Amino acid sequence: QAEQQKGGAQNYYVLLLLTDGVITDMAETREAIVRASHLPMSIIIVGVGDADFGDMEVLDGDDGLLKSPRGEPVKRDIVQFVPFRQFKSAVPSALSRCVLAELPTQVSGYFNSLGIAPLPTEPPPAYPGPSQ
């Protein structure tokens, strides 16, 4: 938060979780996600195996606004859940496309909410070409 107050901090973080199990502390997890929704971060969860990932779908928030146990709603959607089993026979790019699908919107939404414009892009270094 100190970086946000300096005005112009442009760091953003992505937490990638790979899980083969179910959530045992759903209330604490919802609370943590609601708190994290104020931070420059996204959470990507990939479920592997045949477990029941119904709670992960709830955390994703695509079917409704995620709220903490106290009733506080997330500031913005920061969770993307992807069940790996749906991509076992798909081309690898299909999995990566789905895993990263919401990330551009999450990143730009965070910075737009703070009124922070993107930094100007630098051109790539010139390629010197083949030696003569």
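How many bridges join β2 to β3, and do the two strands run parallel or antiparallel? Five bridges join them, and the strands run parallel. The model described here is predicted.

- Three strands form an open sheet in the order β1-β2-β3, and their pairing is parallel.
- β1 and β3 stand at the edges with a single partner strand each, so one side of each has no neighbour in the sheet.
- On average, neighbouring strands of this sheet are turned by 15° against each other, direction ignored.
- In general, the strands of a sheet pair through backbone hydrogen bonds, in either a parallel or an antiparallel manner.
- Strand β1 comprises residues 13-19, and seven bridges join it to β2, to which it runs parallel.

- Seven of the seven residues of β2 are buried, so the strand is largely enclosed by the rest of the structure.
- Both faces of β2 are covered: one side carries the buried residues M41, I43, I45 and G47, and the other carries the buried residues S42, I44 and V46.
- Helix α4, residues 92-99, lies across β2 and β3 and runs at about 155° to β3.

**The nonpolar cores**

- The largest nonpolar core has 16 residues, of which I33, I43, I45, M56, L59, I78 and V79 touch the most other members.
- At least two residues of this core come from each of α2 (26-36), β2 (41-47), α3 (54-60) and β3 (79-83).
- The largest share, four residues, is supplied by α2.
- Another core, of six residues, lies apart from this one and includes I44, V46, F87 and V99.
- Which residues does I45 contact, leaving aside its neighbours within four places in sequence? They are L17, T19, M56, L59, V79, Q80, F81 and V82.

**Helix α2**

- The buried residues of α2 are M26, T29, E31, I33, V34 and A36.
- Among the elements that cover these buried residues are β2, α3 and β3.

**Helix α5**

- Within α5, the buried residues are L103, Q106, Y110 and F111.
- Viewed down the axis of α5, these residues fall within an arc of 120°, so they line one face of the helix.
- As a general rule, an α-helix has 3.6 residues a turn, so residues three or four places apart point the same way.
- On the other side of α5, P104, T105 and N112 are exposed.
- Q106 is located in α5, which spans residues 103-113.
- Why does Q106 count as buried? Its relative accessibility is 6%, and buried means under 20%.
- Leaving aside neighbours within four places in sequence, Q106 is in contact with Y12, S42, R76, D77, I78 and V79.
- Just after α5, G115 takes a positive phi of about 70°.

**The residue Y12**

- Y12 is placed in the loop between α1 (2-6) and β1.
- Is Y12 buried or exposed? At 18% relative accessibility, Y12 counts as buried, because the limit for buried residues is under 20%.
- Not counting residues up to four places away in sequence, Y12 touches P40, M41, S42, R76, L103, Q106, V107, Y110 and F111.
- Y12 and L100 are 88 residues apart in sequence, and their C-alpha atoms are 14 Å apart in space.

Conventions:
Residues numbered from 1 in each chain as written. Predicted model: local features only at pLDDT ≥ 70, side-chain atom pairs only at ≥ 80, totals over all residues. Heavy atoms only, no water. Core = buried A, V, L, I, M, F, W, Y, C linked by side-chain atoms within 4.5 Å. Buried < 20%, exposed > 50% of the residue type's maximum accessible area, 1.4 Å probe, protein only. Contact = heavy atoms within 4.5 Å. Pairing = 2+ DSSP bridges. Arc of directions from axis to C-beta. Axes fitted to C-alpha atoms, helices over the stretch in contact; angles between N-to-C directions.
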